[in-house]
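Dear colleague,

Please find the structure we discussed below, together with its sequence. My notes on it follow directly after.

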Amino acid sequence: CGAEPLAGNRIEIELDNARGRRELFGLIEGARERLHLQVYIVREDEFTAELAERLETASKRGVAVRLIVDALYTRHEVFGVRMPLLERLSAVQGVEVRAFRPLAALPGIDELKQRNHRKLVIADGERAIVTGRNLAEHYYVSFAERQLDPTQSWDRVPWLDAGAVCEGPLAGLAERSFLEAWTGAGGAPFELSEPAPAGERRGRLVLHEGLRDANTLEAYLWLIEGAQRRLTLVNSFPLANELEQAFQAALARGVELRVLIGSIRPKFGYPPRPFPDAPAMREVGDQLVRGRVDGLAAAGADVAELGLLDAQGWRAEWALLRPQVHAKLLVADGERIGVGSANLDVTGCYWESEVLLLLEDAEAGADLEEQLDQLFAGSPRIDPSDPEWQRIAPRRALLSRYWPGLIG
């Protein structure tokens, strides 16, 4: 993957949206000279309004703020359309906004699929966040903070996501990758600095550049093929064939596999039913994801659908809350961890540019496994012998057969 191990880092992994928000705002407030953000999607909501204010405040104290967004998925500089929030930020002195691959004419398949999916935040080249979170409230508002009930719109339900906060040489490497993306989007070069060691952890930053390589796919295969005891996967995207086969091979050699998926169409209750206005097309996505874990469940994998009872104001009478799982997280033997923006589907493995942080650390792995144990403990399992599960198996198989061809 071309990812050399770098020592001297402080690295912490989090699975909580509120903590992710605190880490993000803390990075912004602590920036002295420059602040760089790279993201796939930006949405206008209360969270991004507060974020914009904090970025403007940073610029007023002399911090150079640079933001790259994916043009297509943020809908900024697409057929002449510009996002109002980003327009307002662009007008602030000291803030620059660039769009990756703007669209001015009818796009081809390459322009539609070869996008930049990385999510990075870097302060002064010394501290960085490598994450799966886009800039919108359902990534940065926790279940404990959002008052929910079954009458609310589906897009008010938070998502489960994850990120890694790092300080030291890995942050400097993340900023180098940002510089390449920034100049590639037409931005002027800026000076880099070498961060001092800040901790004792060793990590690798795996960078995947669209169709040029398959580095994050290879990194995931390295984690899977090297596992001796247990693999834990947290992701709700349809597995690429290579990864599905690697997981099958791991099961065949006796490795325990547990998988946590979510509901792309958020649901609640039992039997599960969708929140109001949840698009029916998201149900197709749900069945496609489940079709790609069908074989793993049949081979003995412990596949769970995220279920929560402890959301703010959520009543036991409504049964389980079943939100989306947007995290991209893979843990091998409780000591090797991959976390970042890289989905495990064919788009993430081949088309889109991604970033993945690899950490080999037993202490960090034990802490993360404890958090994951709690999530698995409250989540219902997929039972391949369940009649209802078997009833729609042909539908899932059909979707899987034609993904990523006709459907993708």
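In these notes, a residue is called buried when its relative accessible area is under 20%, exposed when it is over 50%, and partly exposed in between (1.4 Å probe, protein chains only). Helices (H or I, at least four residues) and strands (E, at least two) are DSSP runs, numbered from the N terminus. The model is a predicted one, in which local features need pLDDT of at least 70 and side-chain atom pairs count only at pLDDT 80 or more, while totals for chains, interfaces and linings use all residues. Residues are numbered from 1 along each chain as its sequence is written, and side-chain values use heavy atoms, with hydrogens and water left out.

The chain as a whole

The secondary structure comprises 14 helices and 17 strands. Of the 408 residues in the chain, 58% are buried. The C-alpha trace spans about 60 × 45 × 45 Å along its principal axes. With contact meaning heavy atoms within 4.5 Å, residues 24 or more positions apart supply 79% of the contacts with a separation of 6 or more.

Helix 7 covers residues 169–184 and has 16 residues; from first C-alpha to last it reaches 23 Å, close to the 22 Å expected at 1.5 Å a residue. The expected span is 1.5 Å times one less than the number of residues. The buried residues of helix 7 include Leu170, Ala171, Ala174, Phe178 and Trp182. An α-helix has 3.6 residues a turn, so residues three or four places apart point the same way. Pro169 also belongs to helix 7 and is partly exposed, because its relative accessible area is 21%. The C-alpha atoms of Pro169 and Pro195 are 5.6 Å apart, although 26 residues separate the two in sequence. Beyond its neighbours within four places in sequence, Pro169 is in contact with Leu6, Ala7, Gly8, Asn9, Pro195, Ala196 and Pro197. Gly186, which follows helix 7, has a positive phi near 95°.

Helix 8 (residues 215–226) has 12 residues and reaches 16 Å between its first and last C-alpha, close to the expected 16 Å. Among its buried residues are Leu217, Tyr220, Leu221 and Ile224.

Two buried polar side chains

His326 lies in the loop between strand 14 (321–322) and strand 15 (329–332). His326 is buried, because its relative accessible area is 5%. Its side chain makes a polar contact of 2.7 Å with that of Asp161. A polar contact is a pair of N or O atoms within 3.5 Å; within protein, one must be able to donate a hydrogen and the other to accept it, and residues adjacent in sequence count only if both atoms are side-chain atoms. Leaving aside neighbours within four places in sequence, His326 is in contact with several residues, including Lys119, Asn134, Trp159 and Phe237.

Thr74 is in helix 3 (residues 71–74) and counts as buried at 3% relative accessibility. A polar atom of the Thr74 side chain lies 3.1 Å from the backbone nitrogen of Val42.

Backbone features

Arg75, in the loop between helix 3 and helix 4 (84–90), has a positive phi of about 60° although it is not a glycine. Arg75 counts as exposed, at 56% relative accessibility. Ala319, in the loop between strand 13 (302–305) and strand 14, likewise has a positive phi, near 60°. A cis peptide bond with omega of about 0° joins Tyr270 and Pro271, and Pro271 lies in the loop between strand 11 (267–268) and strand 12 (273–274).

Cysteines

How many disulfides does the count come to? With a disulfide defined as a pair of cysteine sulfur atoms within 2.5 Å, the count is zero. Cys1 is in no disulfide, and the nearest cysteine sulfur, that of Cys349, is 11 Å away. Cys1 counts as partly exposed, at 42% relative accessibility. Cys166 is in no disulfide either, the nearest cysteine sulfur being that of Cys1 at 18 Å. Cys166 counts as buried, at 1% relative accessibility.

With kind regards
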